[in-house]
Each structure stands twice: as C-alpha cells, then as structure tokens.
Amino acid sequence: MHILLTGAAGFIGMHTAQRLLARGDTVVGIDNLNDYYDVALKQARLATLQPQPGFQFVQIDVGDRAAMAQLFNSQRFDGVVHLAAQAGVRYSISHPMAYLDSNLTGFGHVLEGCRAQQVQHLVYASSSSVYGGNTKMPFAETDPVDHPVSLYAATKKANELMAHTYSHLYRVPTTGLRFFTVYGPWGRPDMAYFSFTRAVLAGQPIQVFNHGQMKRDFTYIDDIVEGVLRVLDKPASPETPGVAPYRIFNIGNSGPVPLLDFIGCIEQALGRTATKEFLPMQDGDVPATYADTNALREWVGFAPSTPLATGIERFVRWYQSYYSA
C-alpha cells in the first residue's frame, strides 16, 4: 500500500514507518519537527528511515491547510496513519493553543484530505487520557468519556467525534486507537521513564507524584505498532447500511503496574537505586489507567503482552547506547 504517515519523526511514527517499509509498503512521512522536545532526537529517528527504499519525508505542519491540501492533491494514498499531535497532558495546561492548532485544526485537515481522496482507511492516535476521571476498571471502549481532566484529553475525544462524523457522512473508514502509556527505545524525553533513567544515571533525584500511589498500563512500542498495522489492514466496511465505518479500540498491556514497581524495573536495568522525591498529584493527571483489550483482540486477533521488565531493559540498553551513558 501507499501510506501517508503523519508524525513520522515521532516515537511511534518512526517505529510504525519501519514496520510498514519492512513489509513492502511505500511511506510518505510528514512532520513539522517542532521543538516541544529535542529536535536532534527527531532528526536522528528520521535518519534511520530516509536511506530506506520506499520512504519519502516532507516537512509539513498538519495545521497548515494549504500545504496539507497540496499534499493530498499531489498523490493518492491507500491509507493514512495519523500520529502527529501536540502531545503531553501537563504541557496542555500552559500551552493550550498548540493543542487547538495541531490536534483539532490539523486533524480536520487530515479528515478533509481523506474525504477528498476517499482514502480506504484512516487510522489515528487517540489516548487513554480520554477516560479522564473514570473510576471503573478496566477502561472499556463502551465507557462514557465525557469528563476529560486535561485539554489534551479533550482534543483526543474531539478527534473521535470528528472521525465518526466523517465516517457517517462521507463513508470514510476510520479507526481510533486509545494508546496506553507507550514506552521503549527512541521514546519521548518528556515521558517519566525517560526522565527517570536520565536522572538516575546523573545521580539526581526523581520526582514521584501522588506520593507513588499511581498505576499505569505500560505498553511496549513493538506491541503498539503491531496493533496499528493489524488495524490498518482491517477497516470497518463502508458498505454496511446505516452503520458508520468507524471503530475505537484500546491498545494497552491490560496489566496496570504500580509506579514504584515501574521505578524498580528501571533501577534493576540500570543497576542503580533512585533517590525519590515524593510530591502531590499534578493537575490533569489521573491515579490509574487499565485497558480492556477484548474488542481489539476480537477484531484483529492480537493484544499487547510484552512484560514490563523486558521492555524497560530494551529501552535502557538503547538509552545507554544513544547517549553513551
């Protein structure tokens, strides 16, 4: 297939591009290379992709209406994997406009391109953050998600609503994937596991929020990508009368891990003990996430399962190699 991949210089984007290319798809990757975190890391990710046959990179901001329209007009895509977004729960508290521009306006431009071309399938990144203050565990796709606790979460819920409208009105098959705390090699420096590793190696204390009383459903990057590709290959049928070709799936490890156990995995992989600074809960955060992945398993025959210790070991080895730490 000929695939448009947005956010190609991102963590999940780079790994997804590698898998698409490895199976013989051609990929046009776009990214705006913004400075939300280290641009050099984004460029290093791109450097692993650009020599590969079948990959083309174009620097475009999804929020640029004219550039996105020109991109869709210049070639025909069989599928679109939309991973570009302004990420980060806490950053959305202090920089709300970045989320409106990228996550809402930018997503609208992607939907419009898919509508104009009648793309066979749009797969896009949603987030476990949409569950907000829900206390029922595990989170299921049928649970109400009407009470987001961050603007980031609100934009992701809005994406799901926008996609449903395009699926209903224009019969564009869309699938949203609610990612649960993705980690692994080439990860994002603003994520806790990355900053914990950096601090422990530097002999600095790590900040442990909610006094360590947190649980997260940590999901290894290879499992995320496997889910993305399997879903991409199985869109909902646009021919079913009265039913929008629209799907939403959780993609998580279905095993929430206490934060202190998570830190313990990092300590074990590094062979060092972290100095912990215990702090209250941060605004916009939630105490626990836990994915019900039955729907994903039933649809594509797969659900994430990589053990946390295995994934953290792989991340730490990559980190030490990349940063010569």
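Predicted model: local features only at pLDDT ≥ 70, side-chain atom pairs only at ≥ 80, totals over all residues.
Me: How far apart are the ends of α8?
Reply: The end C-alpha atoms of α8 (residues 221-232) are 16 Å apart.

Me: Which residues are buried in α1?
Reply: They are F11, I12, G13, M14, H15, T16, A17, L20 and L21. Nine of the 12 residues of α1 are buried, so this helix too is largely enclosed by the rest of the structure.

Me: What happens to the backbone just after α1?
Reply: G24 takes a positive phi of about 100° there.

Me: OK, on to α6. What span should it have, and what does it have?
Reply: At 1.5 Å a residue, the 20 residues of α6 should span 28 Å, and the end C-alpha atoms are 28 Å apart, which agrees.

Me: What do the buried residues of α6 pack against?
Reply: They pack against the helices α4 and α5 and the strands β5, β6 (174-179) and β11 (246-251). The buried residues themselves are Y152, A153, T155, K156, K157, N159, E160, A163, Y166 and S167.

Me: Which residue has a positive phi just after α6?
Reply: That's R171, with a phi of about 60°.

Me: Where else does a residue other than glycine have a positive phi?
Reply: N210 has one of about 55°, and phi of H211 is near 55° as well. N210 is found in the loop between β8 (206-208) and β9 (215-216), and H211 is found in that loop too. For context, most residues other than glycine have a negative phi.

Me: Is H211 buried, exposed or something in between?
Reply: H211 is partly exposed, with a relative accessible area of 44%.

Me: And what about Q213, where does that sit?
Reply: Q213 lies in the loop between β8 and β9, and at 57% relative accessibility it counts as exposed. Q213 and A288 are 75 residues apart in sequence, while their C-alpha atoms are 8.8 Å apart in space.

Me: Which peptide bond is cis?
Reply: The one from M137 to P138, with omega near -10°. P138 has its place in the loop between β5 (121-127) and α6 (151-170).

Me: Switching topic, what is in the largest nonpolar core?
Reply: The largest nonpolar core has 67 residues, and those with the most contacts inside it are F179, F262 and I312.

Me: What does F262 touch?
Reply: Leaving aside neighbours within four places in sequence, F262 is in contact with Y193, F196, F218, V257, L308 and I312. Apart from that core lies another, of 25 residues, among them V28, F77, V110 and A163.

Me: How about Q86, buried or exposed?
Reply: Q86 counts as buried, at 6% relative accessibility. The residue lies in the loop between β4 (79-82) and α4 (91-94).

Me: Which residues line it?
Reply: The second largest pocket is lined by R65, M68, A69, F72, N73, H109, E112, G113 and A116. By class, the lining has four nonpolar, three polar and two charged residues.

Me: Which element gives the most to that lining?
Reply: That would be α3, with five residues. Both α3 (65-74) and α5 (96-117) supply at least two residues of the lining of the second largest pocket.

Notes: Residues numbered from 1 in each chain as written. Heavy atoms only, no water. 1 Å grid on protein atoms, 1.4 Å probe; cavity = no way out; pocket = protein on both sides within 12 Å on 5 of 7 lines; lining within 4 Å. Helix = DSSP H or I, 4+ residues; strand = E, 2+ residues; numbered from the N terminus. Nonpolar A, V, L, I, M, F, W, Y, C, P; charged D, E, K, R; others polar. Expected span 1.5 Å × (residues − 1). Core = buried A, V, L, I, M, F, W, Y, C linked by side-chain atoms within 4.5 Å. Buried < 20%, exposed > 50% of the residue type's maximum accessible area, 1.4 Å probe, protein only. Contact = heavy atoms within 4.5 Å.
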